[in-house]
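This report describes one protein model for a reader who has not seen it before. Please look over the sequence and the structure first.

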Amino acid sequence: MRPIIYFFGTLANGFASYPQDHTKSFFQDFIKKARLASQIVLHREGNLLYYGYVRLMNESDYIGICLCLDCIYKKTEYLFSVFDNAFADLVERGEILKINGNSEILWAIDNFHSEPVAITECSNNIIESINVSVFNSQPLPPIDFSVSVNDCLELGLDEGEDIISDATTRYCNLYIARKESEIERITSFRNLINLKNQELKKLNDSLVAKINQADRLKTENKKLQAQKKQYRNVVLLAFVILICGVGLFFLYDNLNSTQGQLTEAESTIVDNENAIRKLNASNNSLRLCLDNEKQEKRDLKNKLSDICTKTPFIITGYNINAEEVTIDYYAVEQKNITVYLKAINESEPEVVSNSHSVTIYEGNNRLKLRFNYRLNTENYYYVNILYNGNVIGGKRW
C-alpha cells in the first residue's frame, strides 16, 4: 500500500489531527507518552504500523507527524532525519509553523484544514524520502499474543536498528527515545534571528542617542534665543541712560559716542544670530542623520527578509556543457535543498528536467548539476535552475 501521512498536535483550540479518522485516540496517547524534545512512538493496529514522530515546539506545544505502513521500516535513524527535515521545512515555509522574534516556534494556524497544499507537499516529500522498498523494510508478521497489546517497550535509538526491528515484530507499542534533538537548520534560523535582533538593538540605541543629542541642542537653542532678547534690552536701556545723562552742551559728542556703542551692540547681535543659524544647521544635520539611520534599519530588515524567503543562494557564475551545468554561488548559510534543472530545446519539442538534492555551503562555492542525458550540441537550449517553483538562474546555450 502507499504510505499514509498524518499530522497532529496541540493547537490553540486543543488537540487536532489531519486527516481525521479513528487514529485520533492513539495520537493523543503518543503526546502523553512524550518525555523528550524528540521521539518516535510506534503503534500497531491489525496489519498497519504507525510511526509517530512527536516533537516539543516550545514549553507547552507539541507537533506530531505520523507515517502509516503495512510493513516494518528498518531504517529508524534515517526516519528520524526525514521527520526532522519535514519539521524544519514547516518552520521555514511559515504556513503551518512559524518562528517569532524571540526564536520560539509557534503554530501559524488554528486548524490543519486551512493549509491543505502545504500539508500535501510535506507528505509527498516524506514519502519520497523514505522510498519504501524490499531493501529498507520487512514484512509485518502476525501479532505476537504472548505480549500484551497494552505493553509498551522503551528503547534508545543508539541500541541499533536490529534490536528495534526485532522489538517491532513482538510489541504493539514501542517508544524510541533520542537524546540529541537539535536540528541544524532550526539552529541556523534562530542564530539569524538573534543576529537580526542584535543589529536592531544597536540601531535603536544609536537612534535614542541621536534623539537625546537633538533634544540637548534644542534646549541650548532656547537659551541662546533668551540671551538674544536680553542683549536687545540691555542695548535699549544703555541708549536711554546715555540720552538722559547728556547735557545740551555735550549733545553732539555724546551722540557720536552712543552711535559707536550702538554699532558694537549690533555687531554682537549679528554674531549671536550667526551662532544661532549654525546651531539650527547642526540641528537639521542631526535630523538628516536620524532619517538615514531609520532608512538603514528598514534596508537591513528588507535584506534579511529577502535572504530568508526568496532564494537559498545567489548565482555568481554560470557555465554549461552538454552533460552538466556548473554554477558559482554565494550563500549565507549551509543547508540541504532540492533544486530542479530544466533544459528546453529551442527548435524541437524536447524538455530535459530532473531534480537534485544538494547541500549548499556558506560563502562562495561551486555546484555541479548533471542532465538526465547528454544534450544535442547542434541545437540551442534554454537552461534554467528552479527552487520552490521559482527560476533563480538561467541561460541560453
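## The chain as a whole

The model is a predicted one. Its protein chain has six helices and 18 strands. Of the 397 residues in the chain, 37% count as buried. The accessible surface of the protein chain comes to about 22900 Å², and carbon and sulfur atoms account for 51% of that surface.

Contacts in the protein chain can also be sorted by separation along the sequence. Among those with a separation of 6 or more, 60% are between residues 24 or more positions apart.

## Cysteines

The structure holds zero disulfides. Cys 66 is in no disulfide, and the nearest cysteine sulfur, that of Cys 68, is 6.6 Å away. Cys 66 is buried, with a relative accessible area of 0%. Cys 152, by comparison, has a relative accessibility of 36% and counts as partly exposed.

## Helix 2 and helix 3

Two packed helices are described by the angle between their axes and the distance between the axes. Helix 2 covers residues 76-93 and helix 3 covers residues 116-130. The two pack at an angle of about 155°, and their axes are 10 Å apart. Angles over 145 degrees count as roughly antiparallel, and helix 2 and helix 3 are therefore roughly antiparallel to each other. Their crossing is right-handed. On the side of helix 2, the contact is made by Tyr 78, Leu 79, Val 82, Ala 86, Leu 90 and Arg 93. Helix 3 contributes Ala 118, Glu 121, Cys 122, Ile 126, Ser 129 and Ile 130.

One of these residues can be followed further. Ile 126 lies in helix 3 and counts as buried at 1% relative accessibility. Leaving out residues up to four places away in sequence, Ile 126 touches Ile 5, Ile 65, Val 82 and Ala 86. Ile 5 is 121 residues from Ile 126 in sequence, yet their C-alpha atoms are 8.1 Å apart in space.

## Contacts across the sequence

| Residue pair | Separation in sequence | C-alpha distance |
|---|---|---|
| Ile 126 and Ile 5 | 121 residues | 8.1 Å |
| Ser 137 and Asp 70 | 67 residues | 10.0 Å |
| Val 351 and Val 383 | 32 residues | 9.8 Å |

Ser 137 is found in strand 9. With a relative accessibility of 13%, Ser 137 counts as buried. Apart from neighbours within four places in sequence, Ser 137 is in contact with Cys 71, Ile 72, Tyr 73, Lys 74 and Val 132.

Val 351 belongs to strand 15, which spans residues 351-360. With neighbours within four places in sequence set aside, Val 351 is in contact with Lys 342, Ala 343 and Ile 344.

## Loops and backbone geometry

The loop between strand 2 (14-18) and helix 1 (24-33) contains Thr 23. Is Thr 23 buried or exposed? At 0% relative accessibility, Thr 23 counts as buried, because buried means under 20%. Thr 23 touches Tyr 6 and Tyr 50, not counting residues up to four places away in sequence.

Pro 19 is also placed in the loop between strand 2 and helix 1. A cis peptide bond joins Tyr 18 and Pro 19, with omega at about -10°.

Two residues other than glycine have a positive phi. For Ser 103, phi is near 65°. Ser 103 sits in the loop between strand 7 (97-99) and strand 8 (105-107), and its relative accessibility of 11% makes it buried. For Asn 131, phi is near 45°. Asn 131 is found in the loop between helix 3 and strand 9 (137-139). Asn 131 is exposed, with a relative accessible area of 53%.

Methods:
Residues numbered from 1 in each chain as written. Predicted model: local features only at pLDDT ≥ 70, side-chain atom pairs only at ≥ 80, totals over all residues. Heavy atoms only, no water. Disulfide = S-S within 2.5 Å. Buried < 20%, exposed > 50% of the residue type's maximum accessible area, 1.4 Å probe, protein only. Helix = DSSP H or I, 4+ residues; strand = E, 2+ residues; numbered from the N terminus. Contact = heavy atoms within 4.5 Å. Areas by Shrake-Rupley, 256 points an atom, 1.4 Å probe, with all protein chains shown as cover. Axes fitted to C-alpha atoms, helices over the stretch in contact; angles between N-to-C directions. Parallel < 35°, antiparallel > 145°, perpendicular 65-115°, else oblique. Left-handed = near helix turned anticlockwise from the far one by under 90°.
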